[in-house]
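Here are my notes for your read-through, as numbered points. Keep the structure open beside them and look up each residue as you go.

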Amino acid sequence: MPPHPKRKHSKGRRDRRRAHHALIPRNLVACSNCGSMRLAHTVCAKCGFYDGREVVEVKKEKKKAE
């Protein structure tokens with residue numbers, strides 16, 4: 001069996017440890033080329049632009065004719 005604590009940790013000590021477990025929201029910014037929201041300092045997934053120039057060529061999916 002794993003070892004067990006000799007003494008109980010207080011609720012305050014437990015909660016102070018858990019204070020650092022909160023999730024942080026991502027910093028989204030609008031793309032300067034297409035206007036879609038993207039992560040800061042990353043290439044836009046929709047248009048492939050970063051810092052005002054095209055870095056990655058994005059393939060456009062063809063729509064199925066119904």
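1. Start with His41, which sits in the loop between β2 and β3 (49-50). Strands here are DSSP runs of E with at least two residues, helices are runs of H or I with at least four residues, and both are numbered from the N terminus. The phi angle of His41 is near 60°, a positive value in a residue other than glycine. His41 counts as exposed because its relative accessible area is 70%. The cut-offs are simple: buried means under 20% relative accessible area, exposed means over 50%, and partly exposed is in between (1.4 Å probe, protein chains only).

2. Before you go further, remember that this is a predicted model: local features need pLDDT of at least 70, side-chain atom pairs count only at pLDDT 80 or more, and totals for chains, interfaces and linings use all residues. Residues are numbered from 1 along each chain as its sequence is written, and side-chain values use heavy atoms, with hydrogens and water left out.

3. How confident is the predictor, going by the mean pLDDT of the chain? The mean is 89, and 98% of the residues reach 70 or more; pLDDT is the predictor's confidence in each residue, on a scale from 0 to 100. Among the elements, α1 has the highest mean pLDDT (95), while strand β4 (residues 53-54) has the lowest (86). Where pLDDT is low, the predicted coordinates should not be read in detail.

4. Now for the layout. The chain has 1 helix and 4 strands, and from the N terminus on they run α-β-β-β-β.

5. Asp51 has 64% relative accessibility, so it counts as exposed.

6. What about the overall dimensions of the chain? The radius of gyration is 24 Å, whereas a compact globule of 66 residues would have one near 11 Å. That radius is taken over C-alpha atoms, and the globule rule is 2.2 Å times the number of residues to the power 0.38. Along the principal axes, the C-alpha atoms fill a box of roughly 65 × 35 × 20 Å.

7. Buried residues make up 9% of the 66 residues. Among contacts between residues at least 6 apart in sequence, 0% join residues at least 24 apart; contact means heavy atoms within 4.5 Å. The chain exposes about 7000 Å², with carbon and sulfur atoms supplying 53% of it. Accessible areas come from the Shrake-Rupley method with a 1.4 Å probe, and for residues only the protein chains shown count as cover.

8. Ser36 is buried or exposed? Ser36 is in the loop between β1 and β2 (37-39), and it counts as buried because its relative accessibility is 16%. Leaving aside its neighbours within four places in sequence, Ser36 is in contact with Val29, Ala30, Cys31, Cys44 and Lys46.

9. On the surface, Leu28, Met37 and Leu39 form a nonpolar patch with about 280 Å² of accessible area together. Patches are made of residues with over 30% relative accessible area and no salt bridge: nonpolar side chains (Val, Leu, Ile, Met, Phe, Trp, Tyr) are joined within 5 Å, and like charges within 9 Å. Leu28 belongs to strand β1 (residues 28-30) and, at 46% relative accessibility, counts as partly exposed.

10. The structure holds 1 salt bridge, where the side chains of Arg14 and Asp15 meet at 3.0 Å, N to O. The term stands for a side-chain nitrogen of Lys or Arg within 4 Å of a carboxyl oxygen of Asp or Glu. Arg14 is partly exposed, with a relative accessible area of 29%, and Asp15 is partly exposed at 40%.

11. His21, in the loop between α1 (11-18) and β1, is exposed at 57% relative accessible area. The C-alpha atoms of His21 and Glu61 are separated by 40 Å, and these residues are 40 residues apart along the chain. Glu57, in the segment after β4, counts as exposed at 69%. The C-alpha atoms of Glu57 and Ala45 are separated by 9.8 Å, with the two residues 12 residues apart along the chain.
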